Amino acid sequence: MRELGVLSDQNLSLWEQAVSSAFSVGRETHIHFELSSPSRGVGFFKAIFRPEIGPSGVADGVIVVIHDLTERRNTEDNFRVSEDRLRLALEAAEIGTWHWDIPANQQTWSEKCKVLFGLPPNVPVSYETYRARLHPDDSKLARLRVERAIELGEPVESEYRVVWPDGSIHWIFAKGHPFYDAQGRPARFEGIIQSIDARKQAEHAAMEAADRNRRFLQDVLLSVTDGKLHLCHSSDELPLRLTPCSDSIVLSTSEGLSDIRHRAQEVALSQDFSAEGCYDLITAASEAAMNAIVHAGGGEGVVCSDGDKIQVWVKDSGKGIDMAHLPHATLKMGYTTAGTLGHGMKLMLSTADHIWLLTTPSGTTVVIEKDRLAKEPDWF
């Protein structure tokens with residue numbers, strides 16, 4: 001005992017009581033106590049007092065077995081400190097945790113997890129609780145991702161909406177990982193969830209602002225071009241394609257430009273376009289095709305008609321037009337910057353009756369339209 005440390009008066013009293021009890025009662029007694037040592041510091045121990053029963057049937061001796069619990073106690077203390085730190089971090093980040101015992105199909109959610117699903121902290125939960133709260137449009141995909149993670153043994157991340165009991169809708173970010181037993185069977189699933197309502201609201205506000213800006217630019221360009229330039233935000237806003245007068249024409253640095261000019265000319269002459277109208281159509285079609293070749297490396301074009309007007313469709317798969325340069329490219333003769341339509345747009349506007357422009361990061365579509373008969377201005 002001296003090697004382990006010194007008993008305090010309180011712990012010495014515990015020893016005396018344990019020894020006395022072992023002799024008087026004849027039963028094994030356990031106590032926990034501390035020993036202080038200059039070299040070891042405070043140590044934690046467990047003593048077992050086991051009476052030895054003599055021939056007379058009473059204890060005539062006591063065997064004492066001492067277990068050193070210091071290392072285990074320190075490990076437990078360190079674990080509790082780590083748990084406290086983790087809990088504080090989760091609370092600061094407003095993260096909820098959940099545990100799923102897969103074989104027993106039992107789930108345990110932290111209070112924060114329940115709050116993020118709109119539930120009171122004391123309500124019992126299950127996998128069915130989780131499924132019931134998922135938004136109908138997100139339910140199938142969210143469940144399939146969890147099932148796939150269990151099947152493949154992979155971590156899973158997802159964003160989905162949950163519907164609170166009051167009917168309000170909230171966005172959740174979830175991350176989890178399955179774990180398996182020694183036989184490789186799914187044993188449990190551990191995960192966290194976090195509210196991303198603020199981020200989704202900010203994203204929605206940014207999208208609305210960008211849409212307002214696009215609509216404003218659309219209206220401005222339509223106005224300053226006398227109703228000629230239609231800036232489209234989706235393929236639904238492009239005009240109805242007329243009957244194709246030829247197969248698609250491949251546009252590249254080595255072919256296609258003269259073909260689309262000749263095809264536009266043939267269709268215009270066959271439909272009694274005036275010489276000026278024919279020239280304007282060829283000029284506009286040439287500029288649209290040239291821009292696809294120069295700025296996107298090529299594309300494809302097709303000439304269409306219904307007998308009264310001719311369309312030339314030019315499509316490429318380049319990186320799209322920088323919308324910041326579009327007003328200059330549209331309104332200023334000679335303006336050109338990589339990624340814009342350059343001075344070609346000004347020529348197209350002066351020769352075509354209508355132009356539809358759809359540009360995205362995955363490509364640009366330009367539709368040139370020329371009427372057989374010149375239309376009188378709206379103000380005439």
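**View 1. Salt bridge between K370 and D280.** K370 forms a salt bridge with D280, and their closest N and O atoms are 3.6 Å apart. The term salt bridge is used for a side-chain nitrogen of Lys or Arg within 4 Å of a carboxyl oxygen of Asp or Glu. The pair links distant parts of the chain, with K370 in strand β16 (residues 363-371) and D280 in helix α8 (residues 275-296), 90 residues apart. Helices (H or I, at least four residues) and strands (E, at least two) are DSSP runs, numbered from the N terminus. Both K370 and D280 are buried; buried means under 20% relative accessible area, exposed over 50%, and partly exposed in between (1.4 Å probe, protein chains only).

This is a predicted model, in which local features need pLDDT of at least 70 and side-chain atom pairs count only at pLDDT 80 or more, while totals for chains, interfaces and linings use all residues. Residues are numbered from 1 along each chain as its sequence is written, and side-chain values use heavy atoms, with hydrogens and water left out.

**View 2. Salt bridge between K175 and E157.** The closest N and O atoms of K175 and E157 are 3.5 Å apart in this salt bridge. Distant parts of the chain are linked here: K175 lies in strand β8 (residues 169-180) and E157 in strand β7, 18 residues apart. K175 counts as partly exposed because its relative accessibility is 39%. E157, at 47%, also counts as partly exposed.

View 3. E266 and R263 form a salt bridge, with 2.6 Å between the closest N and O atoms. Both residues lie in helix α7 (residues 257-270), three residues apart, about one turn of the helix. E266 has a relative accessible area of 46% and so is partly exposed; R263 is partly exposed at 24%. In total, the count comes to 17 salt bridges.

**View 4. Aromatic pair of Y130 and Y160.** The structure holds seven aromatic pairs. Y130 and Y160 form one that is edge-to-face, at 6.2 Å centre to centre and 80° between the planes. Y130 belongs to helix α4 (residues 127-133) and Y160 to strand β7 (residues 156-163), 30 residues apart, so that the pair links distant parts of the chain. Rings of Phe, Tyr and Trp (its six-membered ring) pair if their centres lie within 6.5 Å; planes under 30 degrees apart count as stacked, over 60 as edge-to-face and the rest as tilted. Both Y130 and Y160 are buried. One aromatic cluster is formed by W98, W100, W109, F117, Y127, Y130, Y160 and F189.

**View 5. Charges over the rings of W171 and W313.** K200 lies over the face of W171, 4.3 Å from the ring centre. The charged end of R241 sits over the ring of W313, at 4.3 Å from its centre. A charge sits over a ring if NZ of Lys or CZ of Arg is within 6 Å of the ring centre and within 35 degrees of the ring normal.

**View 6. Surroundings of Q218.** Q218 lies in helix α6 (residues 197-224). Its relative accessibility is 16%, and therefore Q218 counts as buried. Leaving aside neighbours within four places in sequence, Q218 is in contact (heavy atoms within 4.5 Å) with L231, C232, H233 and E237.

**View 7. Confidence along the chain.** The mean pLDDT of the chain is 84, and 85% of its residues reach 70 or more; pLDDT is the predictor's confidence in each residue, from 0 to 100. Over residues 334-342 the pLDDT is below 50, and this stretch has 26 contacts in the model beyond near neighbours in sequence.
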